[in-house]
Amino acid sequence: MHATEETLWSLALYGLAVLSLVALMLGLSYALGQQRRSRATDEPFESGIVSVGSGRLRLSVAYFVVAILFVIFDLEVVFLYAWAAAFDAVGLAGFVEALIFILVLLAALAYLWREGALDWGPRQRSLERTERER
Amino acid sequence: MIGAAELRALLPLMLVALTAIGTLLLAGFRRDARLAALGYQGGLLLTLLTLPWALPEQPLEVTPLLRIDGFFGYFAALFVLVAMAVGLMMQRQVRSKTSGERVEESYVLLAICLLGALVLAGAQHFAALFVGLELISVASFALVAYPCGGRPSTDIRQRNSLEAGLKYLVLSSVASGFLLFGIGCLYLDSGSLAFAPLPPSTSLALPGLALLLVGVAFKLALVPFHFWSPDIYQGAPTPVAALVATLSKGALFAVMLRYLWFGALQELETLVPAVALLASLSMLGGNLLALRQRDIKRLLAYSSIAHLGYLLLVLLAIGHAGVAIEAGAFYVLAYSLTTLGAFALIGCVCEAGDEPDYRLEAFAGLIWRAPLLGASLMLILLSLAGIPLTVGFIGKFYIVAAGVDAGLWWLLAVLVAGSAIGLYYYLRIILIMLAPQSEPSGIGGGRWLVYGLTLLLVLLGVYPLPVLQWLPVL
Amino acid sequence: MAALLLWIPLMPLLSSLLLLLAGARLGERPVALLGVGSVALSALFSLAAILSFSASDGVAWGIETLPWFSALGLEVGFSLHFDGLSAVMVGVITGVGLLIHLYSVAYMAGDADFARFFAYLNLFVAMMLILVLAGDFLLLYLGWEGVGLCSFLLIGFWYRQPENGYAARKAFVVTRIGDVALALGLLILVQQFGMLNIQDSVDQARQLWPGSDLAGWVALLLLGGAVGKSAQLPLQTWLPDAMAGPTPVSALIHAATMVTAGVYLIARTQGIFMLAPQVLQLVALVGAMTLFLAACSALVQHDLKRILAYSTISQIGYMFFALGTGAFSAAVFHLMTHAFFKALLFLAAGQVIMSLHHEQDTRRMGGLLRPMPFSALCFAIGCAALAALPLTSGFYSKDAILLQAYAQGGAGFAWWLALAGALVTALYSLRLFVRLFLGDCRTLPEPDNRPLLCWPLGILCLLALFGALIPQPLHDVFSAAPQAHVPLPVHLLVLAMPVIGLVAGIWLLLRHRDWRQAFATGALARWWRAGWGFDVLYDWLLVRPLLWLARVNRRDLADLPVQLLVWTSRICHQGLSRLQSGRLRHYAVGIVGGAVLILAVVL
Amino acid sequence: MTELPVEHGLLFAAALFCIGLVGVLIRRNLIFILMSLELMLNATAFVFVLGGALHGNADGQVMFLMILTLAAAEIAVALALVVHLYRRYRSLDADRLEAMKG
């Protein structure tokens, strides 16, 4: 218990150091910097050039679809990792289970493919079409 | 290890999963709503028919997660039937829409919901509880918001549905967070996720159970966690609202029954007042909120809050009253049947026109326009109010019996008070229905489902023995 | 055989449901076929049941409990029970019921609500059969309330005339007073013995209750129910008004069957009454008073059906008197013969009324002997049986009552009343016949002699004459009355009473031509005609004070808590609804608040 | 290395959970709300990992994987809905979702 407290003390010390460093930097820049405000002062610093337009570009919806698909399919790999780690222990039964898992995923993939969620560009049907119709 | 016996016991789950995948593939390769509906209903029917065969003689533990026994069988049969009815309602809605909305996927989502419910019915482990619950939740987020997937328009229905979907998603996730945190605390305390008798009130298990209660109370829409439910009922398509009202609440209640089976609530004295508080708040609050509500779907949401409040009595009575679990199981059946009937009727009456009209006035003069539908509505409302000769009465009778056995006098008093308030707004609808017809408006399809459910409701209200005989198996 | 028993009430019940659902779409012929056919089948099954019952030497049997539900240790189910008493009742109900159904086909022909009439009538028969076949209190009560409902529906059958509606309501409300008493009595029994079976409960009572006050209370409550249903003092006022219904209804429900349900109830639970001799004496007293008062009222009525109604009350009074004096089998015997001759009288009255274009006032009748000889014959037989002239069925049953009563208890106040009643009965029977068939013809009849009207009457004539020959297998139901010696003078007195009445009547008729006038205008007559003023009494005693109280208390304090409740509910509703703001984040606050609440409660 | 006491881990998780919860409560932008939800779920996942480490069994880690999956699925549905919402309202303000109330 004693040891733990010691480590914690050092952790607290570390946190304190970080906080004071940040405070120092912000305080120094406040003290040393210009106190004058102009139109460009609040802008993000872009090599002195006043920025044009919004920084938020509208992305194509296709990006969203792919992003969502990526999130989902990427995560399934986690389960396969777990299986791989225990491959010897679970044996044939584990293999069958993993196979079922993959097959279900495959079915989903087939559905997505038929739906056109994987198509890129003009042939993209599902969301693109709805976009067009608006 | 999974052997032949276990596989056989898992058959219902596998069949439902196969139905989901099959319908998904069907939807991908042939765009045909009727075909999808056929696949869905066929799969479910097969599940229902093989269920008696699949159930093992003795309770069977399939992996540490699931326990397949009579309890599972009862609820599985109930949930499959509910899902089939919801599917039928969905089908009717499809037929009445010509806008080219794509509805095939909704059957997939329904099947996934059902799968979650079956997992919950058999769960004896927190991991199974979690998986089942989230299967239902995530699928129903999508279902609630389903109409917005079609052509975007300024249609109020789509806007409401989108709003409902997002609200449900965010709030439900918050509740899931609480639930998981609670489970985490319990796990931290005991080192096991299997359902077990309630732990002694050590410092960690108690907040864990409290947080678990928060999550459960949200999903069951108990006051003060009820805020989401009227909005979701109103915004979601009617069949989906029926699904959320019956399947997801029923499944969660089933798993709670199972959990408390392992150890009664009374053993943990400190938790009892919390549950009792939730129950009485729900019974009173739900009925009070419904009192002058003008939207039939919101009204049903409030009424179902009150009904879940009545059900909580059962959780408190477990361990004291022998009939408690039976009472809970039967009430879930009664409540599901009646609520399904109500929503089917709403689909039939309120959505006949181009714009759905969910005001209570939509029912004006129904008894003169469509006498049988009017009679059905009356019976459904009487069942909700718990008037004799309906299944609602038997359910309430059971609950009161369990409450009396357990000596929960205060809660019974609240139940009576709540029921009295409830009578007011149920009878108000009947009054509106009996009013002279104001404007002629059409009646949508799907009335046979309403008749069927109403008939069942009266049959079980008059002669509940077939179900009651089944109950002691639990 | 057991299944057969089930079908006896089930046939009319199914037919009634069918007629209720689809009757409006069927023509008169199928409706009649269904309505009569179902009762005919039921009668056939009853006959078979009765035959097999007597073949098996009178062993009671029945259908064991069909389980309905069980809760809190109480097994609730349905069971049917068939013994001698049920056999008599079932025979009367289906037999007389069948004849009346046949008659109704002709009587109601052309009515817009033909199907509805038969639906109700069938329902009534079904309920009555359930009542008498019931092996447990639940079914008994179902039948009891069911016949009450049917009576209500049928009295108010022509509901477009408000008087009929009032009459129906009156009948329903007044009998309800009795029903409440009955329900309480049954509940006490169920609560005490924890079972619903009638026979077992009565047996239990016999073993456990001697000397206990409870038996008296239960018997009193049961008597309350019986008094309401059978229109005895003090709840007799509804029956004369109930004549607003169609005449076959009056014949079936308000003469032959339903009003005797009270008699059946007491006979069925006689084991309990035996434990409470005071209550049994009360039964006898009630019966005797009723029979005398009602007979006097019948003497002065003008309306044909009201005469019959009061005579019905009076005759049921005889049955109660018999029950009260322990002459149970005589009571049931009289129940049967009364069903025959009173049905006959009502149906014949119906024929007369129809022939006279729905004229019911006897002052406008008379001299019908020549144009309507068949009706006259029927009335003659019916009145003779009613007056208990020798060799008619009524004679045997009434004699049995008076003699057995004398044998049991000697000549008390009640017995003398009953004897006097026999005299008055003969008088009013004579008056009725004379008024209708002798004298000047005041309204020209158009005799209606369709065979469907006449055939049932003919059969009922035979039954009224010879019905006493039908054996009654009651010896196993009621413990045999101890034989006691009845002296010959009493025998002769009982025998002579109706004859004396008849002779006195004829003498009055011959010597005092103006007795009619005296009866029509005298103060006593007016008092009697108003049913001894019971209606006025109840009006002053109960209805007016209640109305006054209601008027005075229109805005009273007692309402305040209720109003307060309403206001609180409304305010709570508004407050709670305001919380339902529709905002996601507010809802999330609700969750967090709830979580804090729960944690606060738990920790 | 010395082991941290369980309480500290739990406190950390609770703090993380509360931060997420407060985020849900005070942020109006739906994207931020979703991020806060992720934070809450991760906090609970941490509890499970903690439990698994404490009791030396794999259940906690399995639950961790499940929670990750749930989070992904939820976010996928949520993002789809948010896209629709943005199209309709041209805004991500959660407070504008108040058509249904009462």
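In which loop of chain C is the place of C:A388? In this predicted model, C:A388 sits in the loop that runs between α16 (373–386) and α17 (393–409) of chain C, and its phi is near 65°, a positive value in a residue other than glycine. C:A388 has 30 other C-beta atoms within 10 Å and is therefore buried.

**Contacts between chains**

- Between chain D and chain B, 35 residues of chain D are in contact with 33 residues of chain B, and α1 (6–26), α2 (30–55) and α3 (59–89) of chain D each supply at least two residues of the side of chain D that touches chain B.
- On that side of chain D, α3(D) gives the largest share, with 16 residues, and by class the residues of the side that touches chain B divide into 25 nonpolar, 6 polar and 4 charged.
- Between chain A and chain D, 12 residues of chain A are in contact with 13 residues of chain D; the elements giving two or more residues to the side of chain A that touches chain D are α1 (2–32) and α2 (61–85) of chain A.
- The largest share of that side of chain A, 9 residues, is supplied by α2(A), and the side of chain A that touches chain D is made up of 10 nonpolar and 2 polar residues, with no charged residues.

**Annotated spans of chain A**

- An unreviewed UniProt entry lists residues 12–32, 61–84 and 90–113 of chain A under "transmembrane region".
- In the model, residues 12–32 of chain A are 100% helix and 0% strand, with end C-alpha atoms 30 Å apart, while residues 90–113 of chain A are likewise 100% helix and 0% strand, with end C-alpha atoms that lie 32 Å apart.

**A helix pair in chain B**

- Helix α12 (residues 324–349) and helix α14 (residues 371–385) of chain B have axes that come within 9 Å and cross at roughly 145°, and the crossing of α12(B) and α14(B) is left-handed.
- Among the residues that make this contact are B:G341, B:A342 and B:L345 of α12(B), together with B:L377, B:I380 and B:L384 of α14(B); the contact of α12(B) with α14(B) comprises 8 nonpolar and 4 polar residues, and no charged ones.

**Helix α8 of chain C and what follows**

- The 17 residues of helix α8 (residues 213–229) of chain C should span 24 Å at 1.5 Å a residue, and the end C-alpha atoms are 25 Å apart, which agrees.
- Helix α8(C) is mostly covered, since 12 of its 17 residues are buried, including C:V218, C:L222, C:G225 and C:K229.
- What covers the buried residues of α8(C) includes α6 (162–193), α7 (198–208), α11 (261–268), α12 (270–274) and α13 (277–300) of chain C.
- Just after α8(C), C:A231 takes a positive phi of about 55°, and a cis peptide bond, with omega of about 0°, joins C:L233 and C:P234; C:P234 has its place in the loop between α8 and α9 (238–241) of chain C.

**Backbone features in loops of chain B**

- The peptide bond from B:V223 to B:P224 is cis, with omega near 5°, and B:P224 is placed in the loop between α7 (205–219) and α8 (228–235) of chain B.
- B:T63, in the loop between β1 (60–62) and β2 (66–68) of chain B, has a phi near 55°, a positive value in a residue other than glycine.
- Because B:T63 has 14 C-beta neighbours inside 10 Å, B:T63 counts as partly exposed.

Key
Residues numbered from 1 in each chain as written. Chains lettered and ligands numbered in written order. Predicted model: local features only at pLDDT ≥ 70, side-chain atom pairs only at ≥ 80, totals over all residues. Contact = placed C-beta atoms within 7 Å. Helix = DSSP H or I, 4+ residues; strand = E, 2+ residues; numbered from the N terminus. Nonpolar A, V, L, I, M, F, W, Y, C, P; charged D, E, K, R; others polar. UniProt positions renumbered as here; feature names shortened; annotations may be inferred. Axes fitted to C-alpha atoms, helices over the stretch in contact; angles between N-to-C directions. Left-handed = near helix turned anticlockwise from the far one by under 90°. Expected span 1.5 Å × (residues − 1). Buried ≥ 20, exposed ≤ 12 C-beta atoms within 10 Å, placed from the backbone.
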